[in-house]
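User: Hi! I'm new to reading protein models, and I'd like to walk through this one with you. Could you help me find my way around?
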Amino acid sequence: MARRERMSSVDHAWLRMERPVNLMMITSVFILRERLDLETLRQVIATRFLRFRRFRQRVVAASYTGAFWEDDPHFDLRRHVTRTALPGEGGKAELEELVGELMGTPLDHSKPIWQYYLIEDYQGGSAVISRIHHSYGDGIALAEVLLGITDPLAEAPAAPAPAADDSHEQTDFIHRLFQPLESAAETTLGLGQGLLTTGLKLARTPLKTVDYARYGLRFTAESTALTLMPGDTPTRFKGTLGPIKHAAWAEPLPLSEVRTIGHALGCSINDVLLASVTGALRDYLLEKGDPVVTAAEIRAVVPVNMRTGPVGPELGNRFALVFLTLPLHISNPLERVYHLKRQMQALRRSTQPVFTLALMSVTGRGPQQLQDFVVDLLSQKASAVMTNVPGPQQLRYLGGAAIEEIMFWVPQSGNIGMGVSILSYNGRVHFGLATDAGLVPDPENIINRFRDQFEQLLLTTLMQADWGPVPGQHEPIGPRR
């Protein structure tokens, strides 16, 4: 009998979140400077990717409230790592079209739900596309997996030792702190073990009761605010989804320039990048003739890493979600970046991430109808998913071929139809955009504005005469003369 392991409730939630119009796959592209052949790629995947035993396992549903990872008795690497080709000129536009087509094509759940495609001839080198189901792990976990198939030198070293087979999930301090609150939520839904269990836990640790009470009040207040949050502003970014997706990516920005402008403004790199993305979305709507009035804004769901240690051999999803408001109505680039900075600071102090992580755990244990209700409720409150993943800052190699660019696309859930992905690699910042074809048929028309928006922020900063505060702001731009 094939070996089985119960899937965690959070991973189960992401497995069941998949819909025909929104597939739960993380898609990535490696653009290689040199040519790579199929057998070399398969050897790399066999020795590096498959050291995680999870990727030899398929999903088996046991009941409406749970699923298992099961070893695939018929696993064949050749079915997962294949060769493909681009039509026509075989350039960037054709590669983007293929990526979009794959985003809308379901993986085969009768075998492990991941796939690699090699384009042997792409702009003098090669390209590798991967699709990995979100149930295997979050962006941080899968970024580490993908980094693990690469090398710092062209001469690949010997294959690493297999990952340790440790079935014990890593402990997360924040998750442990709020475990009684999660249990209480489960009781309310008729899914938990009851408040008696929670009370006994508190009774055994009386010194923590005050902490639980204090954080519990914040947790309750913020969870209520999130639940009562109104639906997102109607724009062309929000609407009925279809199965056809489009993908695009922009020319990368120098990371050193982004870091320099962030330092001058007293902001993080993430603040600067989010401001550039917001400006690009605003500019796109204006070009389309859509009104961007005083109160115009949309929300983006932003993943928050909740890991307290390294990624374990079981991978898994250990991230939460926060709702970030993008101020489309702000035309001044400096005012926009400070507005986003204040929001991000407030979100970091909030318990919203803990609530959403607990909510995913609870819904992953409940019936599908409950999860669908929660996903629909939350996805009505946002128009996009935005994620920022730090990558290696040195050139990496895949099978001896230098990796020129790395890009990935985050999946959307519910009725969210747009995903913005930001990744830093080898001293440059890469932007990717995925859209529903019926809502935004030309994502390149948005993504190509990112650089212009960053340059506008740079120019506005340099033109600030006294390097003092922006009118109406309290944060200094930089030292006064």
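User: Great, let's begin with a pair of strands. How many bridges join strand 10 to strand 11?
Analyst: Eight bridges join strand 10 to strand 11, and the two run antiparallel. Two strands pair if DSSP finds at least two bridges between them. Within this pair, Arg-299 stands opposite Thr-325 of strand 11.

User: Before we go on, what kind of model is this?
Analyst: This is a predicted model, where local features need pLDDT of at least 70 and side-chain atom pairs count only at pLDDT 80 or more, while totals for chains, interfaces and linings use all residues. Residues are numbered from 1 along each chain as its sequence is written, and side-chain values use heavy atoms, with hydrogens and water left out.

User: Thanks! How many helices and strands are there in the chain?
Analyst: The chain has 15 helices and 16 strands. Helices (H or I, at least four residues) and strands (E, at least two) are DSSP runs, numbered from the N terminus.

User: Back to strand 11. How many of its residues are buried?
Analyst: Eight of the eight residues of strand 11 are buried, so strand 11 is largely enclosed by the rest of the structure. Buried means under 20% relative accessible area, exposed means over 50%, and partly exposed is in between (1.4 Å probe, protein chains only).

User: Which residues point which way from strand 11?
Analyst: Phe-319, Leu-321, Phe-323 and Thr-325 point one way, while Ala-320, Val-322, Leu-324 and Leu-326 point the other way, and all are buried. In a regular strand the side chains alternate between the two faces of the sheet.

User: New topic: what order do the strands take in the open sheet of six?
Analyst: The order is 5-6-7-2-14-13, with mixed pairing. The edge strands are strand 5 (81-84) and strand 13 (397-398), each pairing on one side only.

User: What about strand 2 and strand 14?
Analyst: Six bridges join strand 2 (residues 25-32) to strand 14 (residues 401-409), and the two run antiparallel. Thr-27 has Trp-409 of strand 14 as its bridge partner.

User: Let's do helices. How do helix 9 and helix 15 cross?
Analyst: The axes of helix 9 (residues 255-265) and helix 15 (residues 450-463) come within 11 Å and cross at roughly 40 degrees. That makes helix 9 oblique to helix 15. Axes are lines fitted to C-alpha atoms, for helices over the stretch in contact, and angles run from 0 to 180 degrees between N-to-C directions. Angles under 35 degrees count as roughly parallel, over 145 as roughly antiparallel, 65 to 115 as roughly perpendicular and the rest as oblique.

User: Which residues make the contact?
Analyst: Glu-257, Val-258, Ile-261 and Leu-265 of helix 9 meet Phe-454, Leu-457, Leu-458 and Thr-461 of helix 15. Contact means heavy atoms within 4.5 Å.

User: Last one: which residues of helix 9 are buried?
Analyst: They are Leu-255, Val-258, Ile-261, Gly-262, Ala-264 and Leu-265. Just after helix 9, Gly-266 takes a positive phi of about 70 degrees.
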